[in-house]
Amino acid sequence: MQTRPLGTTGPQVSALGLGCMGMSALYGEADRAESIATIHAALEAGVTLLDTGDFYAMGHNEMLIGEALRAAPAALREQALTSVKFGALRDPDGGWSGYDGRPAAVRNFAAYSLQRLGVDHIDVYRIARLDPNVPIEETVGAIAELVEKGHVRHIGLSEVGAETIRRAAATAPISDLQIEYSLISRAIEDEVLPTTRELGIGITAYGVLSRGLISGHFTADRQLAPTDFRSMSPRFQGENLQHNLSLVEALRKIAEQKGVSVAQIAIAWVLSRGEDIVPLVGARTRERLTEALGALDVTLDDADLAAIEQAVPADAAAGDRYPAAQMSHLGTDR
């Protein structure tokens with residue numbers, strides 16, 4: 001497995017990371033045994049970075065990863081690096097109540113995550129979204145204290161803009177920024193990516209298949225459960241969906257010419273954007289994981305990249321990437 005640096009202050013990690021959220025929440029029912037088998041298969045393939053959030057199904061995802069790590073061979077367990085997001089406030093009905101970045105809350109969230117994961121430290125720790133009531137310096141400073149005590153190894157950020165990145169980096173070393181980045185979500189190219197590169201901060205890119213929209217497997221007639229995030233996502237609605245799937249078909253032609261899948265060429269495109277970018281793949285099954293890992297063998301030359309750019313230009317997607325109520329929590333404009 002190829003490796004990439006997680007910024008200048010972070011560890012070397014596998015070229016692809018595994019985003020585990022879908023194994024617990026937001027994309028319909030998932031099979032627990034298959035989820036654990038998929039985590040094991042990822043570790044066996046050399047994937048080292050496992051990404052989660054303490055609020056994914058109210059701790060379920062962390063406990064799932066903890067169970068998978070306990071059942072894994074010692075050598076694989078030791079290579080696993082945990083990336084954890086915190087701060088989102090939930091209620092018993094599954095609702096969302098904002099974000100809490102107060103130092104006392106940071107320490108509290110970390111204590112519970114360490115217990116649920118069954119580890120003695122978290123490798124990368126980050127608030128999921130900026131708390132508008134708490135300066136980022138206070139939140140990052142609290143994580144830095146956890147680093148000093150050995151509970152956390154590296155400090156990350158998530159979904160924040162260039163100004164916040166600079167303020168955070170002036171407070172403590174930042175290893176990476178986790179943010180959505182894909183062929184149809186490219187807003188970070190304007191200000192965020194130049195800033196992280198200037199400061200030596202890596203990118204862990206989630207949503208590289210835009211929640212399955214550009215995987216090549218999503219169809220217009222697919223029925224989504226009310227609890228599935230995509231049932232509320234603007235990009236999966238009506239004319240937006242039809243337009244976005246037309247982009248997928250244009251991409252499919254290029255993929256077929258190269259003898260690869262749509263998902264593989266979409267992941268390979270993100271991989272091609274720089275050694276400082278680590279795509280997170282949200283595979284929930286071993287079959288999808290195998291497909292995603294195949295992207296590591298896809299080489300895109302200048303002609304391929306030009307054809308992809310023509311098929312799916314920047315800003316070609318129809319619809320925002322989150323419902324309007326959630327867009328206000330993002331540090332980027334789309």
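Predicted model: local features only at pLDDT ≥ 70, side-chain atom pairs only at ≥ 80, totals over all residues.
Trainee: Which strands close into a barrel, and in what order?

Mentor: Eight strands do, in the order β3-β4-β5-β8-β9-β10-β11-β12, and the pairing is parallel. On average, neighbouring strands of this sheet are turned by 30° against each other, direction ignored. The labels come from DSSP runs numbered from the N terminus: helices are H or I with at least four residues, strands are E with at least two.

Trainee: What makes β3 and β12 a pair?

Mentor: Pairing takes at least two bridges found by DSSP between the strands. Strand β3 (residues 17-19) and strand β12 (residues 277-281) run parallel and are joined by two bridges, so by that definition they pair. One of the residues involved is Gly17, whose bridge partner in β12 is Leu280.

Trainee: How many bridges join β10 to β11?

Mentor: Five bridges join strand β10 (residues 176-180) to β11, and the two run parallel. Glu180 has Tyr206 as its bridge partner in β11. For β8 and β9, also parallel, there are three bridges, and Ile122 is partnered by Val152 in β9.

Trainee: Why is β9 described as largely enclosed?

Mentor: Because six of its seven residues are buried. Buried means under 20% relative accessible area, exposed means over 50%, and partly exposed is in between (1.4 Å probe, protein chains only).

Trainee: What about β11: how many of its residues are buried?

Mentor: Five of five, for residues 202-206. Gly202, Thr204 and Tyr206 point one way, while Ile203 and Ala205 point the other way, and all are buried. As a general point, side chains in a regular strand alternate between the two faces of the sheet.

Trainee: Why are α6 and α7 called roughly parallel?

Mentor: The axes of α6 (residues 162-171) and α7 (residues 192-199) come within 9 Å and cross at roughly 20°. Axes are lines fitted to C-alpha atoms, for helices over the stretch in contact, and angles run from 0 to 180 degrees between N-to-C directions. Under 35 degrees counts as roughly parallel, over 145 as roughly antiparallel, 65 to 115 as roughly perpendicular, and the rest as oblique. So α6 and α7 are roughly parallel.

Trainee: Which residues of α6 and α7 meet?

Mentor: Ala162, Ile165, Arg166 and Ala169 in α6 meet Val192, Thr195, Thr196, Glu198 and Leu199 in α7, where contact means heavy atoms within 4.5 Å.

Trainee: Where does α5 lie on the strands?

Mentor: Helix α5 lies across β5, β8 and β9 (152-158), running at about 160° to β9.

Trainee: Why does Thr3 count as partly exposed?

Mentor: Its relative accessibility is 45%, so Thr3 lands in the partly exposed class. Thr3 is found in strand β1 (residues 3-5). Leaving aside neighbours within four places in sequence, Thr3 is in contact with Gln12, Val13, Ser14, Ala15 and Glu275.

Trainee: How do you know that Ser210 is buried?

Mentor: Ser210 has 2% relative accessibility, so it counts as buried. It lies in the loop between β11 and α8 (238-258). Beyond neighbours within four places in sequence, Ser210 contacts Glu180, Ser182, Ile184, Arg235 and Phe236.

Trainee: What stands out about the phi of Arg211?

Mentor: It is near 60°, a positive value in a residue other than glycine. Most residues other than glycine have a negative phi. Arg211 is in the loop between β11 and α8, and with a relative accessible area of 12% it is buried.

Trainee: Is Ala57 buried, partly exposed or exposed, and what is its phi?

Mentor: At 25% relative accessibility, Ala57 counts as partly exposed. Its phi is near 55°, again positive, and Ala57 is found in the loop between β4 (49-53) and α2 (60-71).

Methods:
Residues numbered from 1 in each chain as written. Heavy atoms only, no water.
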